[in-house]
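Please take a moment with the sequence and the three-dimensional view shown here, and keep both at hand while you read. The paragraphs that follow begin with a single residue and then widen to the rest of the chain.

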Amino acid sequence: MTNIAMIGVGAISGIYLENITRTFREIKLVGLCDLIPERAEAGVEKVRKMIEEGADAALPKIYKDMYEAFADPEVDLVLNITRPYEHFAVTKAALEAGKHVYSEKPLAVDMDEATELVKLAKEKGLSLGGAPDTFMGAGIQTCRKLIDDGFIGDVVGANVSMICHGHETWHPDPEFYYKRGGGPMMDMGPYYVTALVQLLGEATGVTALTKKSFDTRLITSAPHYGETVKVDVDTYLAGNILFSNGAIASIFTTFDVHYTNQARFEVYGTKGTLVVPDPNTFGGPILLYRPEDAASAPAVDPGYRKIVVDPYPGYKEVPLMFDYRVNSRALGLADMAKALETGRNWRANVEQQYHVLDILTSFEKASKSGKFYELTTTYHRSAPMQNNPMHGILD
């Protein structure tokens with residue numbers, strides 16, 4: 001059993017508390033803390049309620065601050081789910097105190113910070129890992145198997161988009177999305193880029209155009225309704241990623257567009273096309289199209305064919321082949337904990353986080369330079385998931 005200390009009890013903490021308490025049987029939450037004490041108290045009450053409903057768990061303690069948590073000899077692994085621009089300081093302090101760390105995405109807000117963390121962890125002989133872990137779910141894992149097994153042939157490229165009008169209409173504390181470490185690429189991009197490197201492998205460089213469309217944003221969600229946020233980051237980013245295998249992926253992320261279908265993710269191969277589910281989720285659906293499925297289609301210019309509402313006519317849905325189909329955040333944390341016990345590598349490892357951050361932060365650099373920007377990191381895919389007979393137990 002690996003003991004976890006949670007640092008930060010904000011909006012994302014609820015699903016972590018739920019899954020650590022109810023789902024993953026080889027980790028235990030021993031304590032938590034937040035800069036706002038009421039949030040920590042609410043987290044404990046959430047766990048208390050789950051215990052009263054039958055969850056086999058112990059009530060976590062509340063630390064006065066993160067340093068008390070890091071000094072607790074009972075803690076094996078720190079879960080850092082603070083705001084993005086706080087990730088570096090919290091992770092660094094935990095490592096200096098001799099604790100392994102699993103961090104929410106991103107690893108840090110720039111490569112200088114990330115490099116310092118990677119170096120410190122290596123010097124201390126400690127382990128780093130982190131979100132997103134959605135790629136470990138049934139959806140992306142099934143897509144990885146389909147690609148690896150040759151269902152779409154050799155991968156030619158991909159096209160992915162995350163399109164919305166920002167989080168200020170629903171998030172209780174949206175300001176940080178428009179500050180250092182925020183923006184659509186740093187916030188939502190990790191899901192898409194992590195899925196891309198899991199499916200296509202190592203990337204070598206990027207090109208991009210980026211901009212900030214609005215100088216301010218009006219919050220329409222409670223409790224900050226009516227407040228205005230000054231935008232400090234680019235919120236419209238269009239880029240291309242070159243992979244070591246020669247594939248090219250186009251990626252578009254924005255907080256500036258009124259749109260109804262937020263996620264789009266397609267991978268193109270020499271024998272077909274795969275429609276990947278939203279990489280911010282763990283499940284499906286997955287759609288596969290191969291040319292033989294179009295054998296009966298009329299041989300006319302596609303521009304003259306009748307327009308259909310279904311954007312994917314002729315595609316076949318592929319059943320999910322792996323476990324973890326619903327929101328399973330903390331799956332990567334549980335996998336890392338199991339790896340620390342067994343000595344194997346963990347799937348949401350720091351090499352992946354570091355490579356993904358290199359890609360994310362290179363788009364703006366490429367846009368400013370007007371040139372192809374070469375990445376400085378290397379990457380090797382982690383092992384695929386294994387289907388174990390018991391849900392909540394990792395291999």
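**From one serine to the whole chain**

Ser103 has its place in strand E5, which covers residues 100–103; helices (H or I, at least four residues) and strands (E, at least two) are DSSP runs, numbered from the N terminus. The model is a predicted one, in which local features need pLDDT of at least 70 and side-chain atom pairs count only at pLDDT 80 or more, while totals for chains, interfaces and linings use all residues. Residues are numbered from 1 along each chain as its sequence is written, and side-chain values use heavy atoms, with hydrogens and water left out.

Is Ser103 buried or exposed? Ser103 counts as buried because its relative accessibility is 1%, where buried means under 20% relative accessible area, exposed over 50%, and partly exposed in between, with a 1.4 Å probe and protein chains only. If residues up to four places away in sequence are not counted, Ser103 touches Asn80, His87, Thr91, Gly129, Gly130, Ala131 and Gln353, and contact here means heavy atoms within 4.5 Å.

The strand that holds Ser103 belongs to a sheet, and the sheet is the next thing to trace. Six strands, in the order E3-E2-E1-E4-E5-E6, form an open sheet with parallel pairing. Its edge strands are E3 (61–62) and E6 (128–130), each of which pairs on one side only; two strands are said to pair if DSSP finds at least two bridges between them. Strand E4 (residues 77–80) runs parallel to E5, and four bridges join the two. One place to look is Leu77, whose bridge partner in E5 is His100.

The peptide bond that joins Lys105 and Pro106 is cis, with omega at about -5 degrees. A cis bond also leads from Gly284 to Pro285, with omega near 5 degrees, and Pro285 lies in the loop between E14 and E15.

Strands E14 and E15 take part in another sheet. This open sheet has nine strands in the order E16-E15-E14-E13-E7-E12-E11-E8-E17, and its pairing is mixed. Its edge strands are E16 and E17 (373–374), each pairing on one side only. Within the sheet, strand E11 (residues 236–243) and strand E12 (residues 248–254) run antiparallel and are joined by seven bridges, and Asn240 stands opposite Ser250 in E12.

Which elements does helix H6 pack against? Helix H6 spans residues 138–148, and nine of its eleven residues are buried, so that the helix is mostly covered. Its buried residues pack against strands E7 (155–163), E13 (263–269), E14 (272–275), E15 (286–289) and E16 (316–318), as well as against helix H8 (189–200). Among these buried residues are Ile140, Cys143, Leu146 and Ile147. Just after H6, Gly150 takes a positive phi of about 85 degrees.

Tyr324, with a positive phi of about 70 degrees, is found in the loop between E16 and helix H9, and Tyr324 counts as buried because its relative accessibility is 5%. Ala330, with a positive phi of about 100 degrees, has its place in the loop between E16 and H9, and Ala330 counts as buried because its relative accessibility is 0%.

Further along, Asn349 is found in the loop between H9 (331–342) and H10 (350–369). Asn349 is buried, with a relative accessible area of 4%, and, leaving aside neighbours within four places in sequence, Asn349 is in contact with Leu128, Gly129 and Ser382.

What do these parts amount to across the chain? The protein chain has ten helices and 17 strands, and buried residues make up 54% of its 395 residues. Among contacts with a separation of 6 or more, 77% are between residues 24 or more positions apart. A compact globule of 395 residues would have a radius of gyration near 21 Å, and the chain has 21 Å, which agrees; this radius is taken over C-alpha atoms, and the globule rule is 2.2 Å times the number of residues to the power 0.38. Taken along the principal axes, the C-alpha atoms fill a box of roughly 70 × 50 × 40 Å.
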